Amino acid sequence: MFCGEKYVNIDPEYIASLGHYPVMYREIMQHLDESKAAGTVMIDCTMGSGGHSGLILSHFPDHRLISFERDHEIAALARKRLAGFSER
């Protein structure tokens with residue numbers, strides 16, 4: 001199957017708001033789409049500015065996400081960007 005055709009139309013304004021283009025987001029989202037169990041906990045070990053984390057949280061409303069980032073300045077940017085998902 002091609003890399004998740006349903007992810008081709010992810011909101012381009014959201015992608016633009018990230019300030020960079022999340023690499024391989026279609027492939028990643030398709031792979032994660034296979035874990036649809038409600039309440040799944042995912043881990044993002046390279047949060048960066050929150051691009052993939054935001055996509056994951058947007059598309060999997062019943063999942064929780066734990067993200068890690070060593071750079072404190074980038075982590076602060078990601079926390080601000082992902083504030084709407086703070087309960088997850």
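A pocket, as the word is used on this tour, is an open set of grid points with protein on both sides within 12 Å along at least five of seven lines, and its lining residues have an atom within 4 Å of a point. Keep that in mind as you go, and remember that the model is predicted.

**Start with the whole chain.** Followed from the N terminus, the elements run α-α-β-α-β-α. The protein has 88 residues, and 36% of them count as buried.

**Next, select the pocket lining.** Pick M47, S53, L57, L65, S67, R79, L82, A83, F85, S86 and R88, and you have the residues that line the largest pocket. Two elements each give two or more residues to this lining: helix 3 (51-59) and strand 2 (64-67). The volume of the pocket is about 210 Å³. Now colour the lining by class: six residues are nonpolar, three are polar and two are charged.

**Now turn to the surface.** Select V41, I43, I66 and F68, which together make a nonpolar patch there. Between them, these four side chains belong to residues with about 370 Å² of accessible area.

**Finish by zooming in on I43.** This member of the patch sits in strand 1, which covers residues 41-44. Is I43 buried or exposed? Its relative accessible area is 53%, and because the cut-off for exposed is over 50%, I43 counts as exposed.

Key
Residues numbered from 1 in each chain as written. Predicted model: local features only at pLDDT ≥ 70, side-chain atom pairs only at ≥ 80, totals over all residues. Heavy atoms only, no water. Patch = residues over 30% accessible without salt bridge, like charges linked within 9 Å, V, L, I, M, F, W, Y side chains within 5 Å. Areas by Shrake-Rupley, 256 points an atom, 1.4 Å probe, with all protein chains shown as cover. Helix = DSSP H or I, 4+ residues; strand = E, 2+ residues; numbered from the N terminus. Buried < 20%, exposed > 50% of the residue type's maximum accessible area, 1.4 Å probe, protein only. 1 Å grid on protein atoms, 1.4 Å probe; cavity = no way out; pocket = protein on both sides within 12 Å on 5 of 7 lines; lining within 4 Å. Points joined across faces, edges and corners; volume = space filled by probe spheres on them. Nonpolar A, V, L, I, M, F, W, Y, C, P; charged D, E, K, R; others polar.
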